Amino acid sequence: MKKSFVVFLIVLVGFLAVSCKKSVAPALDTNTLPITPLPTLKGSAPFLIGASIDPTFLRNNLRYRETLISEFNSITIENMMKMNNIQPERARFDYARANELVSFANQEKMRIHGHALVWHEALPGWISTFQGDSLAWENLFKTHIQTVASYYKGKLAGWDVVNEAIDNDGGTRNDNSSQGSIWRRKLGADYIARAFLYAKEADPNAILFYNDYAQESNPKKLEAILRMVEDLRKSNVPVEGLGLQMHIHINTPDAGIVNAITKYVKTGLKIHISELDIQLNPSNETLERPTVAQLEAQRLKFLTVVRAYKTLVPKEQQYGITQWNVGDADSWLRTYLKKNEFPLPFDMNYEKKVSYYGILEGLR
Ligand code: XIL
């Protein structure tokens with residue numbers, strides 16, 4: 001073989017070896033691939049995302065706990081700080097179950113919202129038989145507020161001080177109807193102002209809220225709340241935040257939602273969407289599972305609420321959005337009102353529903 005031919009062969013083999021090596025893709029090492037984490041509610045929001053919670057679910061259901069930890073950074077105590085639970089007998093305060101939730105939230109570095117110091121519902125039995133003059137009633141009222149608020153002083157970001165004091169006709173809820181309030185009857189209409197003053201004395205740093213429902217569907221009630229808050233502010237009563245419960249349904253008009261948020265924002269106070277859930281079966285038909293159309297309508301309504309909150313509420317007024325419990329199975333609409341409902345963004349097994357993605361889209 002000629003020497004020049006041998007050289008040619010060597011060069012050729014070398015060239016082929018190099019170019020083959022170049023064209024072979026390196027083997028994938030799946031351990032070192034960057035993993036894009038799935039978005040979460042709390043990770044996608046510029047404000048806090050909350051859920052109301054209950055100790056029985058938290059104790060017994062791992063999926064419940066995991067969903068809370070991965071998706072939420074705020075909690076509201078759904079029932080355990082209400083008067084029937086926290087002062088079950090006169091002058092006996094029982095914080096044990098509320099404290100389970102407080103410890104959980106502290107451990108997970110979540111914000112805690114207290115609910116509710118004064119409400120005409122969830123009263124302990126002893127209240128209805130309590131005998132006393134107006135001074136004794138005032139004392140009972142003040143003692144309840146200040147004992148509980150002092151106990152939690154510094155531990156809660158905010159309190160729903162007065163819950164649902166305005167009735168559906170725009171009056172102060174009195175005790176003459178099914179919508180009645182024992183507080184109004186025993187203490188006079190300005191019990192509302194005194195509740196805020198007592199709470200402020202006990203926990204000066206908690207943000208104090210007035211919380212109510214149906215502002216998006218009942219303009220009379222909305223206006224009545226706004227008037228009340230204006231009067232309270234004029235008299236230096238420390239109302240510092242407004243809660244829109246937002247127990248709504250897929251047919252609640254968007255315009256009402258936008259109107260309520262817009263008017264609330266004008267007060268300059270902190271705004272909390274405090275108990276969000278969206279019924280998809282408002283006529284309460286027998287329904288084994290929701291239809292695709294109902295789920296889609298629910299997704300759009302979640303999107304509307306979240307987008308309206310994000311775009312209409314200035315940053316410094318955003319206290320956050322809280323949904324009323326975690327998954328469909330946990331909702332008070334099923335457990336308490338016995339409705340055939342699926343009102344939350346997680347289904348019975350804590351899988352994400354399309355509504356979950358509606359919320360993410362609203363946050364974008
Ligand atoms: C509800 C709870 O979700 C139920 O578990 C409980 O049995 C009754 O109260 N408005 C409020 C909340 O402010 O406190 C209510 O919570 C729902 C309506």
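**Figure 1. Helix α11 gives five residues, the largest share, to the lining of the second largest pocket.** The model is predicted: local features need pLDDT of at least 70, side-chain atom pairs count only at pLDDT 80 or more, and totals for chains, interfaces and linings use all residues. Residues are numbered from 1 along each chain as its sequence is written, and side-chain values use heavy atoms, with hydrogens and water left out. The pocket has a volume of about 200 Å³. It is lined by 13 residues, and T172, A224, R227, M228 and D231 are the closest to its centre. Two elements, α10 (191-202) and α11, each give two or more residues to this lining. By class, the lining holds seven nonpolar, three polar and three charged residues. A pocket is an open set of points on a 1 Å grid over the protein atoms alone, with protein on both sides within 12 Å along at least five of seven lines; lining residues have an atom within 4 Å of a point. Points join across faces, edges and corners, and volume is the space filled by probe spheres set on them. Elements are DSSP runs numbered from the N terminus: helices (H or I, at least four residues) and strands (E, at least two). Ala, Val, Leu, Ile, Met, Phe, Trp, Tyr, Cys and Pro count as nonpolar; Asp, Glu, Lys and Arg as charged; the others, Gly among them, as polar.

**Figure 2. The largest pocket has a volume of about 710 Å³.** Its lining numbers 34 residues. K82, W119, E121, W332 and Y336 lie nearest the centre. Strands β7 (247-249) and β8 (270-279) and helix α14 (332-335) each give two or more residues to the lining. The lining of the largest pocket divides into 10 nonpolar, 15 polar and nine charged residues.

**Figure 3. The largest cavity holds about 60 Å³ of space.** A cavity is a set of grid points where a 1.4 Å probe fits but cannot get out. The model has four cavities of 30 Å³ or more. L41, I49, G50, F72, L276, I321, Q323 and I359 line the largest one. Two or more of these lining residues come from each of β1 (49-53) and β9 (318-323). Six are nonpolar, two are polar and none is charged.

**Figure 4. The second largest cavity holds about 40 Å³ of space.** Eight of the lining residues are nonpolar, none is polar and two are charged. The peptide bond from H115 to A116 is cis, with omega near -10°.

**Figure 5. Helices α11 and α12 pack at an angle of about 10°.** Helix α11 spans residues 219-234 and helix α12 residues 254-265. Their axes are 11 Å apart. The pair is therefore roughly parallel, a label for angles under 35 degrees. Axes are lines fitted to C-alpha atoms, for helices over the stretch in contact, and angles run from 0 to 180 degrees between N-to-C directions. L222, E223, I225 and L226 of α11 touch N259, A260, K263 and Y264 of α12. Contact means heavy atoms within 4.5 Å. The contact residues divide into five nonpolar, one polar and two charged.

**Figure 6. The axes of helices α13 and α15 come within 7 Å.** They cross at roughly 25°. That makes α13 (residues 292-312) roughly parallel to α15. Helix α15 covers residues 354-363. The crossing is right-handed: the near helix is turned clockwise from the far one by less than a right angle. From α13, the contact takes L295, E296, Q298, R299, F302, L303, V306, R307 and K310. From α15, it takes V354, S355, G358, I359, E361, G362 and L363. Seven contact residues are nonpolar, four polar and five charged.

**Figure 7. The axes of helices α8 and α10 cross at roughly 35°.** Helix α8 covers residues 134-151. The two axes come within 8 Å. This crossing is right-handed. Helix α8 brings E138, F141, K142, I145, Q146, A149 and S150 to the contact. Helix α10 brings Y191, R194, A195, Y198, A199, E201 and A202. Eight of the contact residues are nonpolar, two polar and four charged.

**Figure 8. M246 has a positive phi, near 60°.** M246 is a residue other than glycine. Its place is in the loop between β6 (241-244) and β7.

Notes
Parallel < 35°, antiparallel > 145°, perpendicular 65-115°, else oblique.
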